[in-house]
Every structure is written in structure tokens, then in C-alpha cells.
Amino acid sequence: MRGIPKPPRTKPPKPRPIDPAEVVPPDEWFPRRGWAPFPFQQETWAAYRAGASGLVHASTGTGKTYAAYFGPLLEAVSEPPAVAPPPVRVLWVTPLRALSADTALALEAPLRPLGLNWDVGTRTGDTPAAARARQQKRLPTVLVTTPESLSLLLTYPDAREKFAGLRCVVCDEWHELFGSKRGVLTELALARLRTFCPHLRTWGLSATLGNLGDALAALVGGDPTSQDGREPAEGSSLQTDRGRVIRGHVPKPITIDAVLPPRVERFPWAGHLGLSLLPQVLAAIEEGKTALLFTNTRGQCEQWYQALLDARPEWAGQVALHHGSLDRKARDWVEDGLRAGTLRCVVCTSTLDLGVDFAPVERVLQVGSPKGVARLLQRAGRSGHRPGETSRVTCVPTHAFELVEVSAARAAAAEGRIEGRFPIDKPLDVLTQHCVGSALAGGFRADELLTEVRTAHAYRALSDAEWEWVLDFVTRGGEALKAYPDYRRVEVRDGVYGVPDAKVARRHRQSVGVITSEAAVLVRFLRGAKLGTVDESFAARLKAGDRFTFAGRTLEFVKLYEMTVWVRLAKTDADTKLRWSGSRLPLSGELSAAVRAKLDEAARGLFADAEMQAVRPVLEVQARWSRVPAAGEVLAERLNTRDGHHLFLYPFEGRLVNEGVAALLAYRLSRRRPQTFTLACNDYGLELVSSDPLDLGADALKELLAPDRLTDDVLASLNAAELAKRQFREVARVAGLVNPGLPHAGRTAKQLQASSGLFYDVFREHDPSNLLLWQARREVLDRQFEVTRLRAALDRIAAGRIVMTDPPRPTPFAFPLLVERMRAAVSSETLADRVRKLAASLERKAGPE
């Protein structure tokens with residue numbers, strides 16, 4: 001097995017003094033690089049000079065970076081030249097540490113030509129200790145950082161002094177932060193910086209976002225939309241009391257197509273195509289100099305990387321692997337190779353969705369459905385990353401129905417129907433963390449900090465009672481923990497809240513941030529070289545001698561010791577499949593609606609493009625045996641087999657929503673009479689199987705799916721207490737109740753879960769009104785079932801018509817759900833063999849194509 005070479009990285013050369021002969025007027029810098037400023041860039045510069053804040057929304061590769069950056073530069077050029085680099089004036093917040101180096105290079109490029117004696121630096125978790133020490137004395141004029149590192153900087157007592165000269169904050173890739181706890185963390189940091197610098201201007205950059213008014217409000221505060229509630233059209237702007245949205249209209253053609261399999265099986269199941277399309281993928285890669293092959297999971301990424309090298313061994317060293325579990329040095333080497341154009345293909349996950357400039361990339365391929373329109377457009381934008389150039393993404397379906405998704409995504413993109421991100425309302429765990437950090441930074445007065453916090457959009461409706469609860473929680477630990485001194489993290493003296501305990505200060509700064517995930521353990525060769533990390537749950541199942549593929553190598557497990565998986569190179573193929581948690585993406589709301597529209601066309605006999613023509617035989621069998629749902633219809637199928645009585649329902653709403661519908665339906669049926677169900681779900685539908693007959697007609701089914709009492713019934717339909725207890729682990733970590741300690745310090749996921757579980761039980765018994773319990777339950781509903789979308793789906797079903805059919809055998813729609821249920825069954829046959837037998841039987845009954 002061939003891994004990724006890791007040549008040493010060279011240090012950047014020291015800057016030399018600016019030669020006056022090199023300096024050019026600002027209006028000549030763009031033409032000298034062969035560019036001409038776009039109207040949206042000029043509008044942004046004028047808005048900045050007028051003191052405005054706002055959000056720039058434009059396609060990838062059309063110049064958003066310089067739209068936001070040249071406002072501060074033009075302002076500085078008009079001022080007397082600085083003898084030495086001034087303290088921080090521009091703060092650039094990026095969602096990924098991996099973007100910081102590229103961003104810093106792009107921001108440094110215009111400085112010398114414009115005669116600006118500024119320095120550019122980065123502050124992330126990867127920043128060396130020596131650079132951090134220098135930044136303790138003076139922050140660079142332009143600082144590129146992440147939300148977590150910014151929040152950490154704001155916990156120091158000299159933060160107000162350090163940021164006193166700050167004039168502009170730019171939040172890059174705002175769509176990646178907005179609608180998440182990291183976005184809320186950023187909102188609180190911005191609120192603090194605006195207190196330090198009342199005339200601070202804030203600008204966000206985004207390429208793929210639907211609800212721009214909400215995104216603007218989260219960025220700058222204020223009302224989410226203009227007075228008439230409209231979003232701005234492309235090429236126009238939206239003005240609110242606090243800021244504006246500027247939409248760039250730059251011709252940016254995007255081509256979305258698919259690799260069409262030579263033959264489409266009429267009974268598809270997830271993953272059955274996949275690597276069978278490898279020859280077509282190789283041909284697409286060979287069309288250009290450099291390609292990105294996106295996958296949706298890290299396991300799929302490893303699989304395709306190895307398949308490419310097995311098919312083209314001469315590409316060793318020219319094909320690379322990039323995902324979030326690889327060692328930082330390996331990812332740096334890949335990113336350098338992309339910039340230099342020395343790599344033929346990089347197989348990657350979402351870690352390369354974002355980036356400043358991957359100019360050499362000529363082809364982008366997407367393995368499997370992107371599951372969202374915005375994600376597909378973002379990835380398409382990695383190719384043709386220049387204004388006016390065509391961006392192209394080619395989708396590689398892993399099963400036949402993904403051809404419908406490709407066609408639907410193309411239609412939705414053409415109509416501008418892109419997913420929105422919805423703001424999180426009052427996450428009190430993040431606010432608790434912010435209060436402790438503010439107490440560390442020289443202390444605060446309660447009324448002053450409350451006024452500041454309410455300027456953050458997420459906390460605009462924070463009540464006095466909720467604020468008093470947060471203050472009580474950080475000072476006493478709340479009602480349940482008031483007897484334990486360890487949870488009195490903040491003390492009040494003369495009305496000032498502070499942190500006098502150095503141990504509390506150190507522990508808080510170690511755990512600043514809201515990123516929580518499955519505990520990861522290091523993977524390392526016995527001789528010491530690091531490869532990356534894997535989930536602790538996977539590592540715990542390994543036995544000596546087990547072989548698995550990781551970082552492009554087949555590894556043999558030796559031992560798990562001190563939170564490290566020690567390995568050696570294996571001499572034979574892998575026998576264990578590496579899996580990571582949290583890797584299944586659900587179909588987005590916009591793409592779900594577009595898929596339903598494509599099915600409506602098929603129901604009317606319209607197959608308008610190559611993808612729909614390719615999947616036509618599948619849909620024709622579906623129509624002949626049952627039905628293809630038209631607009632306003634939801635299809636239900638009843639079927640009896642030796643496994644039991646089946647009910648299939650196809651809302652086409654995405655996996656999480658369909659799981660919610662299944663749980664709700666099973667719960668309401670069981671309330672009528674005791675009954676046991678087996679459930680299976682995918683992005684398109686759900687299956688209920690019972691040994692007892694399911695005597696349901698369309699009207700009865702519609703009644704069972706009524707949206708009344710949705711929240712209560714959903715919570716009752718699952719083990720809500722256990723799920724909330726698990727979700728509380730994240731809430732407790734962010735709120736500072738449990739501390740994972742330093743990286744690789746040895747605290748396992750089980751230990752963290754046990755600690756947070758103890759708090760959960762104590763709060764339930766002795767402090768049932770604890771607001772963190774309420775937050776954990778709310779997050780379960782949002783994450784487990786996307787409850788807002790679930791309610792909208794039930795409203796749609798209630799307003800439409802359920803069509804009930806009784807097919808003679810499993811239909812193409814039902815087949816993937818049968819396979820999903822087979823995965824959990826124990827058998828001496830492989831899953832693939834069992835699926836092939838069932839599919840062959842159904843193919844014979846379907847007759848010739």
C-alpha cells in the first residue's frame with residue numbers, strides 16, 4: 001500500500017523593506033494583475049468607507065476576499081504611512097484552521113505594492129508557541145484566526161488594549177458558521193469587540209446561502225430582513241438599520257453532470273454502483289491536470305484513494321488523500337501540492353470544500369449524492385476558480401436513485417433554490433462559557449455584560465430570568481451544585497464578576513470552544529511516526545493482528561496504549577473496515593423538494609435529461625407495480641411477505657425526518673393496541689414491519705400522521721431521557737461542567753459520558769428546572785429528527801393526498817429499505833450475496849426492459 005509522501009516544509013523568507021519604486025496607486029493594482037474590479041467589489045469598498053457593515057454574497061472564485069479586504073486597505077492608503085507595522089486593524093475569522101495559511105498569503109499580496117507597512121499573521125490551534133509569545137506583546141496588523149482562538153484571546157485581561165485599534169472584522173465563509181454553536185460563539189466575540197471599538201465594521205463573506213437576511217442579522221445584529229421582508233435579488237443589495245447585503249452578479253457558468261452507468265439495475269440499493277464506475281472516473285481525471293474527487297465520508301475517501309492507486313500504480317505520489325482525521329503535516333503537504341499544481345488528483349472530504357485559491361484544479365468529481373444544493377455548488381466552485389470561468393462538477397452515483405438527485409440538484413441550482421441556515425436561539429451552554437471568559441478578562445458588571453450580550457442576535461430575546469440563572473450557575477453552580485466549591489467558578493466583589501482562581505482560569509482556557517465530537521485516539525507507528533486519529537469506539541473493538549486501511553496504508557493493529565493505537569504496516573489486505581461516527585448526511589430540504597418535483601415529472605411521463613432517461617427503467621417498473629407519486633401525493637405501499645406485514649411510506653424528506661415519521665407512526669399505532677415493529681429508513685422513505693396485520697387505509701394513515709401534539713408524541717416515541725442524557729455530554733462540556741483536559745491526556749469518551757451523565761441525573765433529581773436540561777432536550781429534537789422540517793413534512797402530508805397501493809412484490813422504492821433492514825440481520829451469507837439473490841428474483845418478475 002502506498003501512503004502520502006511528506007517532504008519537509010520550508011520556512012517563508014523574511015520580509016524585505018518596501019522599495020518606493022514598487023508602490024503603485026490603488027486603482028492600478030487590479031489591472032496589473034490582469035483583473036478589473038467588479039461592481040459588487042466597488043460597492044463594498046464604498047460601503048466600508050461610509051462606515052457600514054454587511055454581508056457579501058457572490059459565487060466562489062469571483063473576488064469576495066478582496067471585496068472585503070480592500071475597504072480597510074484603501075482607508076489606510078489615504079492616511080500617513082506607518083513607520084512600523086501598526087497593531088491589529090483587520091481581524092479575519094475563518095472557519096477552518098486549514099484555510100489560515102492560504103488566507104494569509106492572499107491578504108499579504110497587495111500590501112507591498114500599495115506601500116503599506118503592515119504585517120500578516122495567523123492565530124489558530126496550529127500556531128507555534130514562539131509565534132504565540134510574540135503575539136502576546138503585539139498582534140499583527142492583519143490577524144487570521146478561528147472562532148475558538150479569537151474567543152481565547154478575549155479571555156485575557158489586556159484584550160481591550162490589544163484590540164483598541166481594530167477597525168474591521170471579516171467573517172469568511174460565514175455560511176459555515178451561521179446556524180451553529182460556532183457561529184453563536186463568533187456572535188458573542190463580535191459583541192465584545194464592538195464594546196471595545198464602537199465604530200467597528202463587520203463584514204461576512206458567503207457563496208452558498210439561502211436566507212441572507214437572517215445571516216446578516218446574526219453577523220451584525222438587528223432585524224433579520226428589510227422592512228418588506230424580501231431577500232435581495234442577485235446583483236442588488238438589501239439595507240437594514242445595522243448593515244446591508246451586497247449580492248455580486250458575475251457571470252459564472254456552472255456545469256453539473258453525472259457519470260452514467262452502462263446499465264441501471266431496476267432494483268437499486270445504496271452502494272451497489274460505487275467503484276464499478278472507476279473506469280469512467282479515471283477517464284475524467286485524465287482529462288485535466290488536477291482533479292478533486294469529493295466523497296461524503298472518510299471511509300469512502302480511503303476506499304477510493306486506494307482504488308485509484310490499484311488501477312494506476314504509476315500515479316503513486318501524484319494522487320493524494322485529504323480528510324480531517326489525517327495528521328496535520330500530511331494535509332499540509334497535500335494543500336501545498338494543490339497550490340503548486342503537482343498533484344494529479346486529491347481524494348477528499350468536506351475538508352477541501354472551502355479554500356482561497358486552488359487555481360490548478362480543472363475537474364471536480366462528487367462520489368455519491370452531495371445531499372444538498374449548496375454543498376454541490378460549493379464543491380463545483382473549486383474548479384474554474386476564476387471570474388468568468390466555467391465551474392464543472394461531475395457526480396458519480398453510488399445507486400440508481402442518485403441520478404434523480406443529480407437531475408434535481410441541477411434544476412434547483414438553476415432556479416437559485418439554495419438551502420438556508422437557521423439561527424440557533426439562546427444556547428445557554430455557550431453563554432455560560434462566554435460569561436466565565438468575560439470574568440477572566442478583567443471582570444464584568446452584570447448589567448453591562450447583559451446589554452452587550454443582547455446585541456448578539458442569538459440572545460436578542462434573552463430574558464432577565466434566564467440571565468439571572470446563568471449568573472447563578474457560574475457563581476454557585478446552580479441549585480444542585482451550590483454546596484461544592486469547585487463549581488463556583490466566578491466570584492462577585494463590589495458588583496464585579498471575576499475569576500480569582502488560577503486553576504479555574506487554566507482549565508477554562510484549555511477548553512474554550514464548542515466543537516465536540518466522538519473522542520479520537522492517535523494512530524502511530526511503533527517507530528513513532530503519526531498518521532492521524534480514529535474514533536475511540538473503533539479503536540476499542542480492535543484486537544491484536546486486526547488489519548485496517550488508514551491514511552492510504554494497510555495497517556496491522558498491535559496495541560492500544562495511553563490513548564494511542566500502535567500499528568505496523570500489514571503484509572496482507574485489510575480484514576476490518578474503518579468507520580467513523582457522524583458520517584451520514586441527510587438529504588436537505590431544498591434537494592428533497594427538487595427530487596419530489598422530478599418524480600412528479602416522471603409520473604407525467606417527462607424524462608427531460610440524461611440522468612432521468614437513465615433511471616427511467618427503474619421508475620417505469622415502480623409505476624407498473626405501484627405508483628410514482630405526483631405533486632401533492634405521498635405514496636404508501638402495503639405488502640405481506642414471510643417476514644411479516646409491511647407498510648412502506650415515501651415522504652422523500654431526508655433520512656432524519658423519515659426516522660421521525662417512522663418513530664411517530666409506530667408510537668401512535670402501538671397506542672391503539674400493543675404491537676411490535678421493526679423500522680428501516682433512508683432518505684426517501686420508511687418501512688414498518690410487524691408480525692400482526694397492519695389494517696390501514698389512506699384515511700387512517702393520514703389521521704395517524706396529523707401534526708397535532710407532535711413534540712410530545714415524538715419525545716414519547718423514543719427513549720427521550722436516554723438521548724437527552726447523551727446530548728447533555730456536549731452541553732456539559734461547552735458549559736464547563738466536564739473538562740476533557742489536554743489532547744491525548746487519557747480521558748475516554750466513556751469517562752466523559754459517565755461524568756456528564758452523573759450531572760444529568762443530579763440535575764433531574766435535585767434541580768429539574770435547570771435550563772441546561774431543557775436545552776439538551778431541545779437539541780435532541782433538532783438533531784435527531786430535524787423537528788422543524790418534520791412538522792413541515794406532516795403539514796404537507798395533511799394538506800395533500802396519501803395514495804395507498806398493494807403491490808404484488810417489493811417495488812424499486814421498497815427494495816433499498818429491505819436492504820437497509822437486511823444489514824442488521826445475522827446470516828452466513830454476505831449482504832451483497834443476499835441482495836443479489838433478491839434483486840435477481842425481482843428482475844425475473846419485472847420482465848425484459
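Trainee: Which residues of α24 meet which residues of α26?

Mentor: In this predicted model, Ala663, Leu664, Tyr667, Arg668 and Arg671 of α24 meet Leu710, Asp713, Val714, Ala716 and Ser717 of α26. Sorted by type, the residues of this contact are six nonpolar, one polar and three charged.

Trainee: What makes α24 roughly perpendicular to α26?

Mentor: Two packed helices are described by the angle between their axes and the distance between the axes. For helix α24 (residues 655-672) and helix α26 (residues 710-717), the axes come within 9 Å and cross at roughly 85 degrees. Angles of 65 to 115 degrees count as roughly perpendicular, and therefore α24 is called roughly perpendicular to α26.

Trainee: Where is leucine 705, and why is it called buried?

Mentor: Leucine 705 sits in the loop between α25 (698-704) and α26. Its relative accessible area is 1%, and buried means under 20%, so leucine 705 is called buried. Leaving out residues up to four places away in sequence, leucine 705 touches Leu649, Val661, Leu665, Arg668, Leu794, Ile797 and Ile802. Of these, arginine 668 is 37 residues from leucine 705 in sequence, with 8.7 Å between their C-alpha atoms.

Trainee: Why is arginine 97 called partly exposed?

Mentor: Its relative accessible area is 41%, which lies between the 20% limit for buried and the 50% limit for exposed, so arginine 97 is partly exposed. Arginine 97 lies in the loop between β2 (90-93) and α4 (98-108), and, not counting residues up to four places away in sequence, it touches Thr124, Gly125, Asp126 and Thr146.

Trainee: How do you know that glycine 513 is buried, and what does it contact?

Mentor: Glycine 513 has 1% relative accessibility, and the cut-off is under 20%, so it counts as buried. It is found in the loop between α20 (502-510) and β18 (520-525), and beyond its neighbours within four places in sequence it is in contact with Glu148, Leu185, Gln433, Arg733 and Val734. The C-alpha atoms of glycine 513 and arginine 733 are separated by 9.4 Å, although the two residues are 220 residues apart along the chain.

Trainee: How do you know that the length of helix α18 agrees with what its residue count predicts?

Mentor: Helix α18 (residues 464-476) has 13 residues, which at 1.5 Å a residue should span 18 Å, and its end C-alpha atoms are 18 Å apart, so the two values agree. The buried residues of α18 are Glu466, Trp467, Trp469, Val470, Leu471, Phe473, Val474 and Thr475. After α18 comes glycine 477, with a positive phi near 90 degrees.

Trainee: Which residues touch the most other members of the largest nonpolar core?

Mentor: That core has 54 residues, and Leu292, Val346, Val615, Leu619, Tyr650 and Phe813 touch the most other members. Helix α15 (residues 402-414) gives the most to this core, with six residues. Apart from this core lies another, of 49 residues, including Ala446, Leu462, Val504 and Ala505.

Trainee: How many of the protein's residues count as buried, and how many helices and strands are there?

Mentor: Of the 849 residues, 56% count as buried, and the protein has 32 helices and 27 strands. Among contacts with a separation of 6 or more, 74% join residues 24 or more positions apart.

How values were computed
Residues numbered from 1 in each chain as written. Predicted model: local features only at pLDDT ≥ 70, side-chain atom pairs only at ≥ 80, totals over all residues. Heavy atoms only, no water. Helix = DSSP H or I, 4+ residues; strand = E, 2+ residues; numbered from the N terminus. Expected span 1.5 Å × (residues − 1). Buried < 20%, exposed > 50% of the residue type's maximum accessible area, 1.4 Å probe, protein only. Core = buried A, V, L, I, M, F, W, Y, C linked by side-chain atoms within 4.5 Å. Axes fitted to C-alpha atoms, helices over the stretch in contact; angles between N-to-C directions. Parallel < 35°, antiparallel > 145°, perpendicular 65-115°, else oblique. Contact = heavy atoms within 4.5 Å. Nonpolar A, V, L, I, M, F, W, Y, C, P; charged D, E, K, R; others polar.
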